[in-house]
Amino acid sequence: GGAAGTYVLEVGEGGSARAHPTYGGDALANQSLLSVDGADVSRLTFDDVMATIIAAGDEVALTFGEKGGEEEEEEEAADGEEPAVEYAEGTAVTVTVLQEGQPVREIEARVGDNLRKTLLENKVELYRGLKKKLGNCGGGGQCTFCAVDMVETDGWLERSEYEDSKIPKFPTARLACLNNIAGPATIRVQ
């Protein structure tokens, strides 16, 4: 599951997108990815968009546009369950952090903020041990070292197929770098 459409949350420092003569700086922030090599990807899931980019080859032409240009249809809950509560972007929520050897922490966060960044900004030791400290990918979704166990959530979508493939042994875990806060949560950090 998951909403269709992919957009740029932020542009990383030192990357080619930031240095681009037309779209440089933060010009791409909050823009939707509309097409990859001319193929419409505006209604695809994030995983399908990434697969399209990977399959495109060494040089890829990407087209961006305004985020949320079309109304999205509401998804019905499966099996007659109540649909998940949706929290508006910017809404203040609490993320409760459980970590062995540490007191329980309640972090005030905002819907839409990246979970990894929020944890790091609040001095949660996400990368315990030398291997994780030296080997983490910096939030690129590759190393899996930022995986956290989602003990309880409200308003969060199911994890992506990409996460299923990267961390299959931990069905309630999520990669903090790939998830924006969607509502209140209790998480367990290793």
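Is Ile-187 buried or exposed, and at what relative accessibility? At 0% relative accessibility, Ile-187 counts as buried. Buried means under 20% relative accessible area, exposed means over 50%, and partly exposed lies in between, with a 1.4 Å probe and protein chains only.

The model is predicted: local features need pLDDT of at least 70, side-chain atom pairs count only at pLDDT 80 or more, and totals for chains, interfaces and linings use all residues. Residues are numbered from 1 along each chain as its sequence is written, and side-chain values use heavy atoms, with hydrogens and water left out. The average pLDDT of the protein is 82, and 85% of the residues score at least 70. pLDDT is the predictor's confidence in each residue, from 0 to 100. Over residues 69-83 the pLDDT stays under 50. For this stretch the model has eight contacts beyond four places in sequence. A contact means heavy atoms within 4.5 Å.

The protein contains five helices and eight strands. Helices (H or I, at least four residues) and strands (E, at least two) are DSSP runs, numbered from the N terminus. Along the sequence the pattern reads α-β-β-α-β-β-β-α-α-β-α-β-β. Of the 190 residues, 29% are buried. Among contacts between residues at least 6 apart in sequence, 58% join residues at least 24 apart.

Strand β8 holds Ile-187. Leaving aside residues up to four places away in sequence, Ile-187 touches Val-95, Thr-96, Val-97, Leu-98, Leu-115, Leu-119, Val-148, Asp-149, Met-150 and Val-151. The C-alpha atoms of Ile-187 and Arg-174 are 9.6 Å apart, and the two residues are 13 apart in sequence. Thr-186 also lies in strand β8. Thr-186 is buried, with a relative accessible area of 17%. Beyond four places in sequence, the contacts of Thr-186 include Thr-96, Leu-98 and Asp-149. Met-150, Val-151 and Glu-152 are also among the residues that Thr-186 touches.

Ala-92 belongs to strand β4, residues 92-99. Ala-92 is partly exposed, at a relative accessible area of 45%. Not counting residues up to four places away in sequence, Ala-92 touches Ala-109 and Arg-110.

Side chains of opposite charge can pair when their charged atoms come close. The structure holds five salt bridges. A salt bridge is a side-chain nitrogen of Lys or Arg within 4 Å of a carboxyl oxygen of Asp or Glu. One of these joins Asp-149 and Arg-188, at 3.4 Å from N to O. Asp-149 lies in strand β6 (residues 147-153) and Arg-188 in strand β8 (residues 185-189), so the pair ties together parts that are 39 residues apart in sequence. Both partners are partly exposed: the relative accessible area is 21% for Asp-149 and 37% for Arg-188.

Lys-133 and Glu-125 meet in another salt bridge, at 2.8 Å from N to O. Lys-133 is partly exposed, with a relative accessible area of 43%. Glu-125 is partly exposed too, at 36%. A network of salt bridges links Glu-125, Arg-128 and Lys-133. Arg-159 pairs with Asp-164 in a salt bridge, with the closest N and O atoms 2.5 Å apart. Here Arg-159 is buried, at a relative accessible area of 12%, while Asp-164 is partly exposed, at 36%.

Strand β6 supplies the largest share of the lining, three residues. By class, the lining divides into seven nonpolar, three polar and four charged residues. Ala, Val, Leu, Ile, Met, Phe, Trp, Tyr, Cys and Pro count as nonpolar, Asp, Glu, Lys and Arg as charged, and the others, Gly among them, as polar.
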